[in-house]
Amino acid sequence: MLRLLNYMLTGAVAIALIMFALANREIVTISLLPDEFSFIGLNFYFHLPIFVVFFGGATFGIMIGFVMEWMREYKLRSESSRKTRKLKGMQTQLQQLKDEKYENQDDVLALIEDTIKEPKRSAQLM
C-alpha cells in the first residue's frame, strides 16, 4: 500500500516538474561576470532554457545543504563511534571476567548459573 502511495506521489511530482519545464522553455543568457568586467576577457556566456537554470540552482542548493548537514553531524558521528568502541571493549572485558569466573566449573553448570543470575539483575534495573 505504501509502495503504491510512493509511486503515485513520485509520479505526481514528476508530472509537475515536466509541466514546469514545458512552461519555461525560453532561452536565457547566463554570464559568469557582469558586462563591466568584460575587459578581463574571461566572461563566458551560456544560452540555456530557464528551467535548466532553475533545476540546476535547486540541485546545487540541495547538494550544499547535504554537505553542510554532513559537516554539522560530524561531532555526533565521531562521538557515537567512540562510544560504540568503548561499549564493545566493555562487553569483551565482561565476557573475559565471566570466563574467568566459570573457568574451573563444568560448562553446563556455568551456563545454568549464568542464566539464572541475569534475569534477577535485569529485574532490579527496572
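Guide: Let's start with a term. A residue is called buried under 20% relative accessible area, exposed over 50%, and partly exposed in between. Keep in mind that this is a predicted model.

Visitor: Which residues form the nonpolar patch on the surface?
Guide: F46 is one of them. Two elements, β2 (45–49) and α2 (50–72), each give two or more residues to the patch.

Visitor: Which element gives the largest share?
Guide: That is α2, with three residues.

Visitor: Let's zoom out. How many helices and strands are there in the chain?
Guide: The protein chain has four helices and two strands. Starting at the N terminus, the order is α-β-β-α-α-α.

Visitor: How much of the chain is buried?
Guide: Buried residues are 5% of the 126 residues. The chain exposes about 11500 Å², and carbon and sulfur atoms supply 68% of that area.

Visitor: Now N43. Is N43 buried or exposed?
Guide: N43 is at 14% relative accessibility. The limit for buried is under 20%, so N43 counts as buried.

Visitor: Where does N43 sit?
Guide: N43 lies in the loop between β1 (27–31) and β2.

Visitor: What does N43 touch?
Guide: Leave out residues up to four places away in sequence, and N43 touches S31, L32, L33, P34, D35 and S38. Look at L33 in that list. N43 and L33 are ten residues apart in sequence, and their C-alpha atoms are 5.6 Å apart in space.

Visitor: New topic: salt bridges. How many are there?
Guide: The count comes to three.

Visitor: Which residue does E79 pair with?
Guide: E79 forms a salt bridge with K83, and their closest N and O atoms are 3.2 Å apart. Both residues lie in helix α3 (residues 74–101). They are four residues apart there, about one turn of the helix.

Visitor: How accessible are E79 and K83?
Guide: E79 is partly exposed at 34% relative accessibility. K83 is partly exposed too, with a relative accessible area of 47%.

Visitor: And which residues are joined into one network?
Guide: E69, R72 and E73 are joined, through salt bridges that share partners. E69 bridges to R72, with the closest N and O atoms 2.5 Å apart. E73 also bridges to R72, with the closest N and O atoms 3.7 Å apart.

Visitor: Where do E69 and R72 lie?
Guide: Both are in helix α2, three residues apart, about one turn of the helix.

Visitor: Last one. How accessible are E69 and E73?
Guide: E69 is partly exposed, with a relative accessible area of 33%. E73 is partly exposed as well, at 29%.

Definitions and conventions
Residues are numbered from 1 along each chain as its sequence is written. This is a predicted model: local features need pLDDT of at least 70, side-chain atom pairs count only at pLDDT 80 or more; totals for chains, interfaces and linings use all residues. Side-chain values use heavy atoms; hydrogens and water are left out. Patches are made of residues with over 30% relative accessible area and no salt bridge: like charges are joined within 9 Å, nonpolar side chains (Val, Leu, Ile, Met, Phe, Trp, Tyr) within 5 Å. Accessible areas come from the Shrake-Rupley method with a 1.4 Å probe; for residues, only the protein chains shown count as cover. A salt bridge is a side-chain nitrogen of Lys or Arg within 4 Å of a carboxyl oxygen of Asp or Glu. Buried means under 20% relative accessible area, exposed over 50%, partly exposed in between (1.4 Å probe, protein chains only). Contact means heavy atoms within 4.5 Å.
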